[in-house]
Amino acid sequence: MKCYKKRWLFILFLCGFISIYAQESATLSGYVKNGANSEDLLGVTVLVGTDRGTVTNDYGFYSITLPKGTYTVTVSYLGFEDITKEVVLDKNQKIDFMLEEKIGVLDEVVVTSNRASKAVKSTEMSVVSLKSETINKLPTILGEPDILKSIQLLPGVSSVNEGSSGFNVRGGSADQNLILLDEATIYNASHLFGFFSVFNTDAIKDIKLYKGGIPSVYGGRLSSVLDIRQREGNRKEFNGELGIGLISSKGLIEGPLFKGDNEEGKGGYMIAGRRSYVDLFTFLSSEFDDTTLFFYDLNLKANYSINDNNRLFLSGYFGRDRFEIDDFLGTIWGNASGTLRWTSILSEKLFLQTSAIFSNYDYSLDNLRGGSEFRWNSNILNYNLKPKLNWFINSNNTLTTGLDITYYNFEPGEIKSLNGSNVNPEKFQENFALESAAYVDFKQTISDKLSFQYGARVSNFKRLGRENVRIYENGTPLTYNPILDRYETNQVIDEISYGSGKTIQDFYGFEPRFSARYLINDYNSIKLSYNRMYQYIHLISNTTSATPLDVWAPSGTYLDPQYADQIALGYFRSFNDNAYDFNAEVYYKSMNDVTDFVDGADLLFTEEIETETVQGDARAYGFELQVNKNKGALTGWLSYTLARTERKILGINNNEYYPSNSDQLHELNLVGLYKLNDRWDFGANFVFGSGRPVTYPTGQYEQNGLVVADYENRNGDRLPAYHRLDISATLNPKKGKKGKWIFSLANVYNRQNAASIFFREISEVGDQEIATGETEATKLSFFGIVPSVTYQFKF
Amino acid sequence: MKTTTQLYISALLVFFILTSCETNVTDDITLNGSAPRLVIDGGLERNITTPLPQQSFRLTSTIGFLDKEDPTPVDDATVTVSNGVTTYDFVHTSNGVYVNDLIEPQIGVSYTVSIVWNGDTYEGSDTLNEVPLFDRLFVVFEEETLFTDEGYFLKFDSSDPVGVENFYYYRIFKNGEFFIVADPGNSITLVETDEFFDGQQRLGVTINEEVVFEIGDIATGQQLGISEEYYDFLYELFIQTGQGGSFIGNPPPASIRGNIINVTNPQQRALGFFYAVDVEEDTIEVEE
């Protein structure tokens, strides 16, 4: 731990960088809100004079300290009218700004971190944000706007196949994304086996995805942070929306709380719900009479201002999927989360927010076959406390510091008999862990041209009792036999008991973060970033598709934390008064101790997962390019990614690097949104991706009357390239009317993209099931051309 | 409880069938082949009900997966099986089949096969575990469901011994003919561990849900007591043959490791499993 102390000194040294001026100065601070409903606007630029400025934080709060004097303050935000105001700053001042939405103007920006000039000027890189209005305008498959599908249209973000709402960022695996919904961690973001994501876009305000240069505020996953914020609720008036689609219907209401006769309530609320009815279509075939299949979810948010300086927010999410086949199988799964937040303006310069979060993911699986009925339950529960302090030191320096403490309770599984069957009940050991982190982050403007954002996060993961830890022969659960090129499982020779709360294993991680921007001129900048990330919990799943049966395992005696280093360099440019902007980035990411699984691993219903898990290294590198058109009737973007991601794990693929499941050399996305007139909007997107890695058989043999395939190299072959065009049209209501129609056509030219190619013995001749000894290769595609229509109604 | 994983995955399959479409691409695909590997298919069976006149297994070598011909028989190997005391010679008859009529498999004995072929020596062992008897073998008429046809299904009751780890494999014969077909259900129904029902009596378990009997058929069911290693092998075999490789929801496919080791040249692996099993068997005629 000696070097650990030195690292703290390093942080203190960083602190010393901040120069605090003793000049006569005053602070301008306040909130920026949407004038229509009083919701906070975050990331709003507050420009003072021409060269000094700040942006609002996650709660719409800004603060800037300047020498006393008279200033022109300009507040500007995408899709809103600018406000310009003369401010005589002779003492500390609090000014709240109410921005009004632009009406009747052609839609401005689609994507990018706000307006183009900000993309050039901000120190942030490898970051993209999308507003839910944009997501709602993109063409959809089956009429359901989807956050996770939309972000896959951005460079560096992809997915392994259409049936997975899991996404891969810069070669990371799907479990390396930290998905936050109002700060609560979402463990499984998929509905209906990955065809939909759990986020109802109606209830979402905006999303931000960090692919690199991740600030020290965030931690716990290697590859990305997807920060999703729910709408807060209208403080001024009651509103409702209804949407009716082919697959699901949804509704939302919002309104003020404690309004009385005032123009604005002391609070506001928003409740949104969604329910699918795929199962209603099972009548199409009598074979599916016995099938139940649906999901629903609920989003809730409420906020309340105690006084000018203190506010409370309560948000919640509850989602459930149910899939059942009578007398055969039933499964139910879902996330539930709740966040209580308190924000407090301690002084003009200090903003404190504290969040207490609860999050749970659980699933049950029922075997309903006669004679051996049972129910299997598993869940992961956590409690999270996050205090965070923003200190707006002066116009050049901002400091953010805080803690992030999570207590985990994993219940890997419990089996119970159903309907009086003779199944012996059993419960796997629970796992407990405490993950704590402290972080500090500085934003520092050095000169007009150069600015930095840097900091560090120190994390600790304690695996706690009560637990009996298995001790294996040779001190390890698995021994690799190089001669036979396979893992051999060692015997359990002992067990060590740890009492409740006793530390079983302790891990520390030091995670420096750094990004810099050099502004060449107002239209050109170069950025550089580095981050190190630690991940202490691992998804135990060796399939490429989203399954509800997700088991997460904490690091411990036999499982090390994963960590990654990423470095990225980018060039940002804007043209024609920000009508266009362009960015290009290169990155290299090295990942260590990523988890993989021995060949033929059985991961469900296995308590000794350490005998199935192996760890190794991975690397990812690539080039990303994006051009945005931000103004005019036609907006949209073009993105291209050239990337490689590989893994090297002892005992897999002859111990040589092999392509990761998400490896894709070329990826191209073209997105266009066209506003014809006040009534018609059109959207189109085209995606192209080179073939993903798969493992094809190298030989066949017979065993027990069946033809069996033999394999050599993992992921040694490639699927055919993937491409697809989707289009949509939106018919907006006439003046005074409230209904809106959205038409979508997915996969316009009916391309049969290969989700998979599989190899098998032909075992049906006519109607007869029979082993033929003959073999075939079959391509599986999910979607042909899919039309859909949705009707939306506001009240 | 590996079976439930598969239960889930086959249900998932149903969901995907709702939305997906399949195309035969056999002629569009060229596979990378590999050097032929030796394959053993078979082993020793102790059967009290119908004692076998001789013990036999088959040796072949692999061919390309999409090749039209059958795997090549190996007829020039020198093969012995030892019980630790006596070594029995197995002689080639035809089509890669090797037989011996003297060896009598015994409970609790470990058997080792030794194969000398193309200058390499291969070895593999398995231990013969006693199998519990059927308490009852019977047929039940069932309606058509999502996964099964209408007809008579062969079922059994059997009591698992207390405190012993048991691994089972089920075989079914229709009018004397062994039946098996690649199916996702195989890994659920054909192999079983007593992990969650140790010491319990199981009632009305269907032997093979793919096989439907009609009145007048002769139905034979076998319950095999197998080793844990053979169970793992069969489970993996049924998973991979049931789903045909890299299907959604499937782990990355990999070579299934058997129990045969190439002693001379370990990297040049052999495939398949040499087993020693105890067989409980019963036969009934399907009546109304």
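The legends below accompany close-up views of a predicted model.

**View 1**
Three helices and 18 strands make up the secondary structure of chain B. Chain B has 288 residues, of which 44% count as buried.

**View 2. The interface between chain A and chain B.**
The interface brings 75 residues of chain A into contact with 71 residues of chain B. On the chain A side, at least two residues each are supplied by strand S23 (329-345), strand S24 (350-367), strand S46 (699-703), strand S47 (706-710), strand S51 (756-761) and strand S54 (775-781). S54(A) gives the most to this side, with seven residues. By class, the side of chain A that touches chain B divides into 31 nonpolar, 29 polar and 15 charged residues.

**View 3. Strand pairing between S54(A) and S1(B).**
S54(A) pairs with strand S1 (residues 21-24) of chain B in the antiparallel sense, over four bridges. Within this pairing, Cys21(B) of S1(B) stands opposite Ser781(A). S54(A) is also the strand that gives the most residues to the side of chain A that touches chain B.

**View 4. The two domains of chain A and the contact between them.**
The domain assignment divides chain A into domain 1 (2-99) and domain 2 (116-465 + 500-794). The centres of the two domains, taken over C-alpha atoms, are separated by 31 Å. The contact takes 26 residues from domain 1 of chain A and 28 residues from domain 2 of chain A. On the domain 1 side, the elements that give two or more residues are helix H1 (2-15), strand S1 (25-34) and strand S4 (61-67) of chain A. S4(A) gives the most to that side, with five residues. The side of domain 1 of chain A that touches domain 2 of chain A has eleven nonpolar, ten polar and five charged residues.

**View 5. An open sheet of chain A.**
Five strands of chain A form an open sheet with mixed pairing, in the order S9-S16-S17-S12-S13. Strand S9 (127-131) and strand S13 (184-185) of chain A each have a single partner strand and stand at the edges, so one side of each is left without a neighbour in the sheet. S9(A) pairs with strand S16 (residues 204-210) of chain A in the antiparallel sense, over five bridges. In this pairing, Leu209(A) in S16(A) is the bridge partner of Val128(A).

Terms used
Residues are numbered from 1 along each chain as its sequence is written. Chains are lettered from A and ligands numbered from 1 in the order in which they are written. This is a predicted model: local features need pLDDT of at least 70, side-chain atom pairs count only at pLDDT 80 or more; totals for chains, interfaces and linings use all residues. A residue is buried if 20 or more other C-beta atoms lie within 10 Å of its own, exposed if 12 or fewer, and partly exposed in between; C-beta atoms are placed from the backbone. Two residues are in contact if their C-beta atoms, placed from the backbone, lie within 7 Å. Ala, Val, Leu, Ile, Met, Phe, Trp, Tyr, Cys and Pro count as nonpolar, Asp, Glu, Lys and Arg as charged, and the others, Gly among them, as polar. Two strands pair if DSSP finds at least two bridges between them. Domain bounds come from an automatic or database domain assignment.
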